[in-house]
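Dear colleague,

I am handing over the structure that you asked to look at, and below it I have written down what was found. Please read the text with the model open beside it.

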Amino acid sequence: MVISMNDIFQQGTVYQDDKSKTIYLTPEEPLVYDTNKWNYKRMPTIDSWKLDMAYQQVMHKQQGSSHLAFTFPENESLNQQWLDEIKALEFDLGIMELYAIEPQHIKLSIKNEIDVTIVNDDTLEDYIAIYRKFAEPYGIAYANESIEMIRSQFPQENKMRILAYQAGVPVGILDLIIGISTIEIDGFGVLDEYQRQGIGSVMQSFVAQIAKDKTIILIADGEDSAKDMYIKQGYIFISYCYQILKEDI
């Protein structure tokens, strides 16, 4: 099957959708960047983007969002003029890379002291305790808002949350988004003090068993060191897209 960015699950409320862009505006979680942004389907001109930026700022301020966020079309590069404008307007530039692997190509890893399980009502607070440590660097308000959403929406029909324990201590979390022919890894993290101990590999093995015949896909930050782990495990690079973010507007 042909995999593209369109196979990646996008959370949030669609405010507007047309041939050139999709606008996500989610008032119940205004501090979450990814659910309040514009996804371009066609590359805008710099002048039209600046008009869009002014419009987005008004919309975001009305609902209490303090950021601007745009994602550019898949596999569209940014020329020097774009890079200069993005820098001049003090946006942070990032690149999202799409990777995929068939589950049978993931090397199985088992360690007796590591237990990986699907989160249920009894283990949800263990999951949240780990999630909070990853979320709080983005702000206490954001962490509290997103945790409240996790509690209120749990369980979700198309999402499975995974929790890893080492010797009974919760040390890692991972979210799975279940599609028709894909299973997407989202929000994968192991606590710093437990990294490089094979926990991530055991979690990946668990995912492979769940995926069965579905292609495993994920988005990696172009600068994320975890990308190296995916490549070593056999993930194949599919495509990329640029995204820009400006905080504290």
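Of the 249 residues of the chain, 46% are buried, where buried means under 20% relative accessible area, exposed means over 50%, and partly exposed lies in between, with a 1.4 Å probe and protein chains only. Please keep in mind that this is a predicted model, in which local features need pLDDT of at least 70 and side-chain atom pairs count only at pLDDT 80 or more, while totals for chains, interfaces and linings use all residues. Residues are numbered from 1 along each chain as its sequence is written, and side-chain values use heavy atoms, with hydrogens and water left out.

The overall form comes next. The radius of gyration of the chain, taken over C-alpha atoms, is 19 Å, which agrees with the value near 18 Å that a compact globule of 249 residues would have; the globule rule is 2.2 Å times the number of residues to the power 0.38. Along its principal axes, the C-alpha trace spans about 60 × 35 × 30 Å. The secondary structure comprises 6 helices and 11 strands, which are DSSP runs numbered from the N terminus (H or I with at least four residues for helices, E with at least two for strands). Among contacts with a separation of 6 or more, 68% come from residues 24 or more positions apart, a contact being heavy atoms within 4.5 Å.

One part to look at is strand β7 (residues 159-166), which is largely enclosed by the rest of the structure because 7 of its 8 residues are buried. Strands count as paired if DSSP finds at least two bridges between them. Strand β6 (residues 114-118) runs antiparallel to β7 and is joined to it by 5 bridges, with T117 opposite L163 in β7. Strand β8 (residues 169-178) also pairs with β7 in the antiparallel sense, over 8 bridges, and here I162 stands opposite L174 in β8. The hairpin of β7 and β8 has 2 residues between the strands, and A167 in this hairpin takes a positive phi near 50°.

Leaving aside residues up to four places away in sequence, Y142 touches L31, V32, Y131 and A135. Y142 and E29 are 113 residues apart along the chain, yet their C-alpha atoms are separated by 8.6 Å.

With best wishes
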